[in-house]
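Please look over the sequence and the model below before reading on. The notes that follow are grouped by topic.

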Amino acid sequence: MKKHIYADNAATTQLDRDAFEAMLPWLLDEYGNASQPYAFARKPKKALAKARAIIAECIGAFPEEIFFTSGGTESDNWAIKMPAYSDPNKRATITSAFEHHAVLHSCAAIERLGFPVAYMRPTKDGYITPEILEDYITDNTRLVSVMFANNELGSIQPIKELGNVAHRHGAFFHTDAVQAVGHINLDVHNLGIDMLSASAHKFNGPKGIGFLYVRKGIELPPYADGGAQEGGHRAGTENIACIIGMATALKKNCDTLEENQMYIRALEERLLRQLGDAGIKYTRNGGSNTLPGLISLSFADVDGEAILHRMDLMGISISTGSACDSKNTEISHVLKAIGLNENLAKGTIRLSLGKANTEEEVTDIVRAMSRIFS
Ligand code: PLP
């Protein structure tokens, strides 16, 4: 069988084996419902509390500030929609034009209900600066939502500064940190973040599980009504196995964050150096402060889709835009938002390297690209 090289870690990551093994007992033997009062429910209840504490510690939060969800999309929906309904006087939301669709489509939903939303345009490198936010914000702003790091460009936003601007105007600050959690150091309290969305499958946890951090003191209306789970804020029997898997994967990633970053940065530099050595001319998008391993490259006069499919035939998985856009051959809204010219936008691919990639794989990726460009 042809060797498979996975270079699309921003779309999803491989489930960590320790996380997988940590999940097993909760799927088989310890199947009790954590909400029940009898002894058989005690273990899952304790495990749930432990997982919440582990996750909180990884992002500098208190355990009671962590609410389990089904992933990044649900966390974003909750963070965007619920604040809009909660104050009849402060009604406006501000976000950026290059957010993930989980944020953009949630914003569109509240707009349809009559809540105004403004979409900030990022710089051409892919950043929302505090000055850009200052131009949009008013004292009617209820919520500012800017992603921690862009999923197509990798650009890491000035979160603390943006949060400061929001707070000066009495607005909440939410960040979609789906691409950042488990990959870069972040401390929600130090950064002054009010709400943060995360998704386990982006940091080697299982799919279909994530969390929303909500700063203590914020009265966020419930996302799902029903039972008393998640403090009555997100009803539904907890997915214990996936929550344990998420906590295990996040802790492992956070404990090895610096070494992972150094390793992945070295792979990234190797890839760019080898592309240069091979005489392949590219423009890198995303400016100078990007997520380790997330590389958005544009090539003139070529079709990014064609590169993706030829790489696929050679056993290499990469992306053109975000995974959620894989059926859409239009230029991505992210590349449009940064004003990339159409020729380069059409010739854009995203490589996202992770801790499981090797130097040999990077060399094979460049070799495959050399074949395509020769
Ligand atoms: N936000 C960002 C920035 C993402 O990259 C993604 C997934 O690609 C999501 C949200 C959606 O997360 P999930 O797949 O957990 O629903």
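**A buried asparagine and its surroundings**

Asn253 is buried, because its relative accessible area is 2%. Asn253 sits in helix 8, residues 240–255. This is a predicted model.

**Asn253 and Asn204**

- Asn253 touches Gly182, His183, Phe203, Asn204, Asn260 and Lys355, with residues up to four places away in sequence not counted.
- Asn204, one of these partners, lies in the loop between strand 7 (195–199) and strand 8 (210–214).
- Asn204 counts as buried, because its relative accessibility is 10%.
- The phi of Asn204 is positive, about 70°, although Asn204 is not a glycine.
- Most residues other than glycine have a negative phi.

**Thr13**

- Thr13 belongs to the loop between strand 1 and helix 1.
- Buried or exposed: which is Thr13? Thr13 is buried, as its relative accessible area is 5%.
- A polar atom of the Thr13 side chain lies 2.6 Å from the backbone oxygen of His201.
- The Thr13 side chain also reaches the backbone nitrogen of Asn204, at 2.7 Å.
- With neighbours within four places in sequence left aside, Thr13 is in contact with His201, Lys202, Phe203, Asn204, Gly205 and Lys207.

**The ligand**

- How many residues surround the ligand? The number is 13, and the closest are Gly72, Thr73, Asp176, Ser199 and Lys202.
- Helix 3 (residues 72–85) gives the most to this shell, with three residues.
- By type, the shell divides into two nonpolar, eight polar and three charged residues.
- An N or O atom in the side chain of Ser199 is 2.5 Å from an oxygen atom of the ligand.
- For Gln179, a polar side-chain atom lies 2.8 Å from a ligand oxygen atom.
- For His201, a polar side-chain atom lies 3.0 Å from a ligand oxygen atom.
- The ligand taken alone exposes 390 Å², and the protein buries 88% of that.

**Ala149**

- Ala149 is placed in the loop between strand 5 (141–145) and helix 6 (159–168).
- Ala149 counts as buried, because its relative accessibility is 2%.
- Apart from neighbours within four places in sequence, Ala149 is in contact with Gly154, Ser155, Ile156, Asp176, Gln179 and Leu291.
- Two of these contacts also figure in the ligand notes: Asp176 is among the closest residues to the ligand, and Gln179 has a polar side-chain atom 2.8 Å from a ligand oxygen.
- Ala149 and Ile280 are 131 residues apart along the chain, and their C-alpha atoms are separated by 27 Å.

**Salt bridges**

- A search of the whole structure finds 18 salt bridges.
- Lys3 and Asp364 meet through their side chains in one of them, at 3.1 Å from N to O.
- This pair links distant parts of the chain: Lys3 is in the segment before strand 1 (5–6), and Asp364 is in helix 13 (residues 359–373), 361 residues apart.
- Lys3 is partly exposed at 46% relative accessibility, and Asp364 is partly exposed at 23% relative accessible area.
- Lys3, Asp364 and Arg367 are linked in a salt-bridge network.
- Arg350 forms a salt bridge with Asp8, with the closest N and O atoms 3.0 Å apart.
- Arg350 lies in strand 12 (residues 348–352) and Asp8 in the loop between strand 1 and helix 1 (17–28), so the pair ties together parts 342 residues apart in sequence.
- Arg350 and Asp8 are both buried.
- Glu30 and Lys43 meet in a salt bridge between their side chains, at 3.2 Å from N to O.
- Glu30 is in the loop between helix 1 and helix 2 (42–59), Lys43 is in helix 2, and they are 13 residues apart.
- Glu30 is buried, with a relative accessible area of 17%.

- Asp301 has a positive phi of about 60°, although Asp301 is not a glycine.
- Asp301 is found in the loop between strand 10 (294–298) and helix 10 (304–313).
- Asp301 counts as exposed, because its relative accessibility is 65%.

Methods:
Residues numbered from 1 in each chain as written. Predicted model: local features only at pLDDT ≥ 70, side-chain atom pairs only at ≥ 80, totals over all residues. Heavy atoms only, no water. Salt bridge = Lys/Arg side-chain N within 4 Å of Asp/Glu carboxyl O. Helix = DSSP H or I, 4+ residues; strand = E, 2+ residues; numbered from the N terminus. Buried < 20%, exposed > 50% of the residue type's maximum accessible area, 1.4 Å probe, protein only. Contact = heavy atoms within 4.5 Å. Near = heavy atom within 4 Å. Polar contact = N/O pair within 3.5 Å; in protein donor to acceptor, adjacent residues only side chain to side chain. Areas by Shrake-Rupley, 256 points an atom, 1.4 Å probe, with all protein chains shown as cover. Nonpolar A, V, L, I, M, F, W, Y, C, P; charged D, E, K, R; others polar.
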